[in-house]
Amino acid sequence: MANENVTVTKVKKESKNKIRVEFDRTPLSERLKSKYISGYFLGRVVWYIFRLVLLIGVSYVILFPFYSKIASSFMSPEDFIDVTVRLIPRYPTLGTYAAIITENGYLKALLNTFILSGSCALIQTFVCSLVGYGFAKFKFKFNKFLFLLVVFTMIVPHSTLQLSMFMEFRYFDILGIMNLLGGGVVDWISLVEDTSLNLVNTYWPLWILSATALAFKNGLYIFMLRQFFSGIPDELEESAAVDGAGVFRTFVQIVLPNAIPMMITVFMFAFSWQWTDNFYTNTFFTTSGPTLMPDIVSIPTSLALNTSAASTMYNTAIINTCGILILLPLLILYCIGQKYIIQGIERSGITG
């Protein structure tokens, strides 16, 4: 039997060598004709050209608006008057960026937004991790119902809660002192200013919402972390329990180190959404407050054109430049954490 296998293998090798020798002896024109002038080869060429054209078209549709906005940010007012200028500025300048940075308080807004977004993102990442771990690993009464309420927070429009949130933090009284001291309606109104805290125009409303897992998109973060923690083997926690570790110690020393990619993903999502948020900031910063990124979107005084045929297009370019400066730190953050975002999404089980 072994001899037969050796013989068959030897015959196959000799047949392949014979075919290769005969093909090499064939004239070059015949070889090219048999290889390239065939229905199979033509079909592959057509399919390759179709994919190439499709990808170029889709890339153009997606990238052209970004390129046009970036190109216009380097244009001077003369370029908007010149009808021959389209995408490449004839008189390039950095004056638009310099005016926005100096006159619109970009650096101050950058620092304030970084502090607010970073602190809220850190709080949300830890709190949502704790809540998601509880839903994933603990079996208690009304577990599914409570998780349904978490998912429900992703559906309810935030504008419906805007007035309630504002009043809650304008007259902040978490211990219910007003209800204990107040009598009638008149007494309740008179006690408001004395027994409540006014947290409006401070960072505290956003920090409190983050600490209670009620901030923007926290339902999504809890869902993602729950899906991730559900995939962690229970044997890890059982081994930690055998070694005498408690629930919180197991969570901090065993579970969290395995969830670093997902936590980085959640942190970057929370940071990005808070970075460009104007719903909560406009709700809680009414009269005075820190200069944040949405506040720099305006026309600098030195760039204002009173009467010009190109004033509308130039003002639009300035607003677009403000948007570029706002998104630039997020682009840098994405380049740094791109690998972790992909890993976190893949391991969370979220598709589509």
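Thr113 sits in helix H6, in what is a predicted model. Leaving aside residues up to four places away in sequence, Thr113 touches Gly118, Trp275, Leu292 and Met293. The rest of this briefing goes from the overall picture to helix packing and then to some loop residues.

**Overall picture**

- The protein has 17 helices and 0 strands.
- Take the contacts with a separation of 6 or more: 72% of them link residues 24 or more positions apart.
- The protein exposes about 22,500 Å², and 67% of that comes from carbon and sulfur atoms.

**H6 against H12**

- Two packed helices are described by the angle between their axes and the distance between the axes.
- Helix H6 covers residues 106-137, and helix H12 covers residues 218-230.
- The axes of H6 and H12 come within 7 Å and cross at roughly 50°.
- As for handedness, H6 and H12 make a right-handed crossing.
- On the H6 side, the contact residues are Gln124, Thr125, Cys128, Ser129, Val131, Gly132, Tyr133, Phe135, Ala136 and Lys137. They meet Asn218, Tyr221, Ile222, Leu225, Arg226, Phe229 and Ser230 of H12.
- Sorted by class, this H6 and H12 contact holds 9 nonpolar, 6 polar and 2 charged residues.

**H13 against H14**

- Helix H13 spans residues 234-242 and helix H14 spans residues 247-258; they pack at an angle of about 150°, with axes 10 Å apart.
- Since angles over 145 degrees count as roughly antiparallel, H13 and H14 are roughly antiparallel to each other.
- H13 passes H14 in a right-handed crossing.
- Leu236, Glu237 and Ala240 of H13 make the contact with Thr250, Ile254 and Asn258 of H14.
- By class, that comes to 3 nonpolar, 2 polar and 1 charged residues.

- Phe142 isn't a glycine, yet it has a positive phi of about 65°.
- You'll find Phe142 in the loop between helix H6 and helix H7, the latter running over residues 143-152.
- Phe142 counts as exposed, because its relative accessibility of 54% is over the 50% cut-off.
- Lys217 isn't a glycine either, and has a positive phi of about 70°.
- The loop holding Lys217 lies between helix H11 (204-211) and helix H12.
- Lys217 has 31% relative accessibility, so it counts as partly exposed.

- Phe74 lies in the loop between helix H3 (39-73) and helix H4 (77-81).
- With a relative accessible area of 29%, Phe74 is partly exposed, because that value falls between the 20% and 50% cut-offs.
- Not counting residues up to four places away in sequence, Phe74 touches Pro89, Tyr91, Pro92, Thr93, Leu94 and Tyr97.
- Along the chain, Phe74 and Ile318 are 244 residues apart, while their C-alpha atoms are separated by 9.7 Å.

Key
Residues numbered from 1 in each chain as written. Predicted model: local features only at pLDDT ≥ 70, side-chain atom pairs only at ≥ 80, totals over all residues. Heavy atoms only, no water. Helix = DSSP H or I, 4+ residues; strand = E, 2+ residues; numbered from the N terminus. Buried < 20%, exposed > 50% of the residue type's maximum accessible area, 1.4 Å probe, protein only. Axes fitted to C-alpha atoms, helices over the stretch in contact; angles between N-to-C directions. Left-handed = near helix turned anticlockwise from the far one by under 90°. Contact = heavy atoms within 4.5 Å. Nonpolar A, V, L, I, M, F, W, Y, C, P; charged D, E, K, R; others polar. Parallel < 35°, antiparallel > 145°, perpendicular 65-115°, else oblique. Areas by Shrake-Rupley, 256 points an atom, 1.4 Å probe, with all protein chains shown as cover.
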